Amino acid sequence: MIAKIGSGADTRGVLRYLYGPGRANEHTDPHLVASFDGFAPDPGRDESATLTQLATMLDLRVKQAGDRAPDKHVWHCSVRVAPEDRILTDDEWAVIARRILNATGIAPAGDPDACRWVAVRHADDHIHIVATKVRGDLRQPRNWNDYPRANEECAAIEKEYGLRQVVRGDRTAAKRPTRAEQEKARRAGSATTPREHLRTTVRTAVAAAASTEEFFALLADTGALVDVQHFPSGDIRGYKVAQPGDTNAEGQPIWFSGSALAPDLSYPKIAERLAATDPTPELAGRKPDAGHTAWTKATAAVDRIPEILGHTDEATGQAHITVVAEALDALPLVAPAHLQPQLLKAATAFERASRSHIRARHQQAHATRTAVKAIVRQPAPKDGAATAMLLDALLLAVVAARHWHRTRHHDQQAEAARQAAEHLYTAYQAAAAQPIAVIHQRGLHLSVSQQRRQTDVLRQALPPALAEQVLAEPGWPALAATLADARNAGHDPAVLLAEAARRRELDTATSISDVLVWRLRRSAHLPAAPNVPTARGNRRTPPAAPTAQPATAPASDSTRRR
């Protein structure tokens, strides 16, 4: 059930629309289901009643208040159920209307001086509540925050009436394109509106920049029109951007301030984030392995985020979720071309999950943010393994972010994280296919005694049922090779494996062995894709490796974190 609230200055005009045929003749049998006193004239069911009579009755106190009445004295709220919900009766809608009016403060229950109102029904799935905002004592109603209050009441009604429980927001979502913007983009043959395109552009620039100066330089390099405003002191006051060619009727650019694109894209919010970033991220650009070093450090930083979200305060958790969003925004800049479409979709989806009403303490995510920004200065390593490992870590961070939001009843953010995980899941599959095949081939070259040793380690570290499940998976040779590599690097593979299984969510893993491969290689600081040895005297082509399975499937509603 969704409530939408508006205001106006023409009571009769609103009623004329509600009792009329609608924009496409969709209105059927318009009639009252309830009114403030139960005796309001109903032009839909009473032939002697008129719209003028109904409007005059509603406007009585507005006339009495004179200049003290608000200019927009009409309060208009539509309440709609989901398409799959049952058809409610007029009596049920009457009760719902009174509950919404009580919750919003327009007509508190038992208040004899409450505002005058009527509830009109002209379709099976919704009603319109029209009230005039002058009370019987000629004061205005106390209806501040009426929208969130109405939606809270709608959520309660959904549960009580057995209706679909709608995913609700906390008023931190980015503003949607207007109908006019959508129509204009459609006429221009564009799949996105300028507002949406500029939002993505600005978010990508923020993700890549290490300072506000670099942010504005990167923004200008994209080709967007940028206007930076300053205070008389010379300090930056704010900025606005426009898309070239997007003009108004006078031929002037249509500008959007940062806050008009999204709440976290205002200049003060951007400056706060970038102040919590090392202005000279460690790049080691002259070293041959600089790319691997930057990506390895970023992966290690992202890998710690699930643990941070589970064991820190909310402000620190929100700061790290913001860093996850920045990583997703930055990846399409440096990832291989075949991964970019899904990564863009993941970043776009996660944008909604990056904000909540909890104020982030960005300084607490300084190290993680700096490590993530360093990869923008380095192309993805050509072997693809580093990309796969980072995507695996990011996927777990996104799943953890979804869990974090769900436990705090951030419904829209949790849903956005779920959608982002699906796209990231697909990108991971494409990135991991080759490197996991390389590791798999290493496992096929292990000697019989080595294979037996790794099997013993597996059974020692994992519960019996889980160990047998892993042994039956096609990906077991890759895990066996990784256990051998961990031992050769001086680690106790049983201890590492037990820790990996404890920390990782395995309930939704498509391939548990793949989950453990990446976790072990990161925790033991092993090369992502070591060289494949060739058995002496054996020139045959190694058996084909199984298709790489994502480290974790996008978490379902039954996901449990371990």
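**Group meeting: a walk through the predicted model**

Let's start with confidence. This is a predicted model. The protein chain averages a pLDDT of 88, and 89% of the residues score at least 70. Where pLDDT is low, the predicted coordinates should not be read in detail.

Now the sheet. Five strands form an open sheet, in the order S1-S3-S5-S4-S2, and the pairing is antiparallel. Which strands sit at the edges? S1 and S2, the latter covering residues 31-35; each pairs on one side only. On average, neighbouring strands of this sheet are turned by 25° against each other, ignoring direction.

One detail to find on screen: Leu32 has Val120 in S4 as its bridge partner.

Next, helix H5. H5 lies across S1 and S3, and runs at about 150° to S1. Keep H5 in view, please.

That brings us to the largest pocket. Its volume is about 2000 Å³. The lining counts 48 residues, and Ala173, Ala174, Arg176, Arg352 and Gln412 lie nearest the centre. Which element gives the most to this lining? H5, with 7 residues. Elements that each supply at least two residues include strand S1 (2-8), helix H13 (314-334) and helix H17 (411-444).

Definitions and conventions: Residues numbered from 1 in each chain as written. Predicted model: local features only at pLDDT ≥ 70, side-chain atom pairs only at ≥ 80, totals over all residues. Heavy atoms only, no water. 1 Å grid on protein atoms, 1.4 Å probe; cavity = no way out; pocket = protein on both sides within 12 Å on 5 of 7 lines; lining within 4 Å. Points joined across faces, edges and corners; volume = space filled by probe spheres on them. Helix = DSSP H or I, 4+ residues; strand = E, 2+ residues; numbered from the N terminus. pLDDT = per-residue confidence, 0-100. Pairing = 2+ DSSP bridges. Axes fitted to C-alpha atoms, helices over the stretch in contact; angles between N-to-C directions. Contact = heavy atoms within 4.5 Å.
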